[in-house]
Amino acid sequence: MPIPDDPAQLTPPDLPTLLANDVSVKVGGVDIDGIIRGKLMSKKKFLSIAQSGFGFCSVIFGWDMHDQTYFKELKISNKENGYRDIVAHVDLASFRRIPWESDVPFFLCSFQEPEGQSLSACPRSLLERQCDKIDAKGYGALAGAEYEFFTFRAPEARTTSTHDSSRNSSATATFLQRNPVNDLPSLEQGMFGYSLTRPSHNQEWYYSIYNNCIKFRCDIEGWHTESGPGVYEAALEYGEIREMADRAALFKLCVKNTSSQYGITPCFMAKPREGLPGNSGHVHVSLTDKKTGANLFAREKVDPNPPFEDVRHLSDVGRMFLAGVLDGLPDVMPIVAPTINSYKRLVENFWAPVTVSWGLEHRAASIRLIAPPTAPPKGTRFEVRVAGADTNPHLVMAAILALGFRGIEKKMTIPIPPLGKGQDVGGEADKGQRLAKNLKEATERMKRQGSVAREVFGDDFVEHFCGTREHEIRLWDEAVTDWEVKRYIETV
């Protein structure tokens, strides 16, 4: 039987032919921190579960990114339920091959309750539920993602081979257990954004990232150095929002695995270095008419009497979507800034938004409206600039979609004026409220009764997600940092 060219058309009967020359298959699912957890299966095992799904230990929703169980046991996975299995359902449309692992076939999974319901905390399922809401209205959603990341050289080994297997990201983590962070050398030194020279210094790595992303179906449309020592940025190709979230998560996996083979450690932390700009994870979003494909944010005729000049070309649907995102943004901050470190990036004067703010082509605002005259009508969209590179793309895109759709359903109006060119975020002209300054403040707001997050996501997800953030906060509260010891060891 012929195999369809489009993986979205794959069916279980296609699998024996598709995998005829393979002996194994890799599968993986996205956890709450955006990490893809999975395993290698024999082909026989995979074919037996491809349609029905398979048991997967629920502890991946019961522990943190370092496999430490949460101090407060949460509903999905705990001692009382024996850290039971949940069901991993294979998404055949996610098929791709892993180019850095001899083209082993790979599939993503979504997690379900054993009884078959969608798992409240599964990131892919959360985004799917938001897409179901807009689908019922005849809408589709497109998205794009841009990621910045620092690169560091893994510790030197005895051999100088480019592919020395002992020089990898695990070696870097071990090195940092014994050495100060600043002893880890950057891939390049100094500031040189958009350099056409620096990528040539490590061109085998540079082009391997680009080519592996193509082969792994997380295509890059722009790939360059960013301003910072060893900092790079990739813009991923725009596409359907669920596919975009998958590609964003898989892009980070691709970069980490490919880089490790070259003795390079990529870092997607929001703020790896003091005194330098952080790593953003900007997300672009637009809505479309599912029948015609038309951009629903584009206005057919320029509004001669708009509420603000910046929205002359923005449709009524687009205005309500923007209003919804602005209204709910403070209540989903733990999603767009999920770690302790996230808030080191969100400070004044570092090209990062710190308030509920927006503006036409305003790169310092939380929401940048991209519309005519600087973009064609079909390119009208919003860029959400609060999110860092440390975020879970499925959760971020689900949040943007949920808040924007809430604005449409409630016919909201834009609550604050746009920032004008040259107006500072957080300055006198900025009428938007200050966003949370730390994870504790953000989590308390998201978790409170009546929060917008509870309204759009439901209590089960909010309780679970906020529980995971409270765990992160507690670990930070108990930590003693180098800064504290250096500052106080002699003087107090």
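Domain bounds, as used here, come from an automatic or database domain assignment. The model is predicted, so that local features need pLDDT of at least 70 and side-chain atom pairs count only at pLDDT 80 or more, while totals for chains, interfaces and linings use all residues. Residues are numbered from 1 along each chain as its sequence is written, and side-chain values use heavy atoms, with hydrogens and water left out.

**Exercise 1.** Determine how the chain is divided and how far apart the domain centres lie.

*Solution.* The assignment gives domain 1 as 7–119, and domain 2 as 139–157 + 168–489. Taking the centres over C-alpha atoms, one then finds a separation of 26 Å between domain 1 and domain 2.

**Exercise 2.** Describe the extent of the interface between domain 1 and domain 2.

*Solution.* Begin with contacts (heavy atoms within 4.5 Å): 28 residues of domain 1 meet 30 residues of domain 2. Next take the buried area, which is the accessible area (1.4 Å probe) that two parts lose on being put together, summed over both; for this pair of domains it is about 2500 Å², with 62% on carbon and sulfur atoms.
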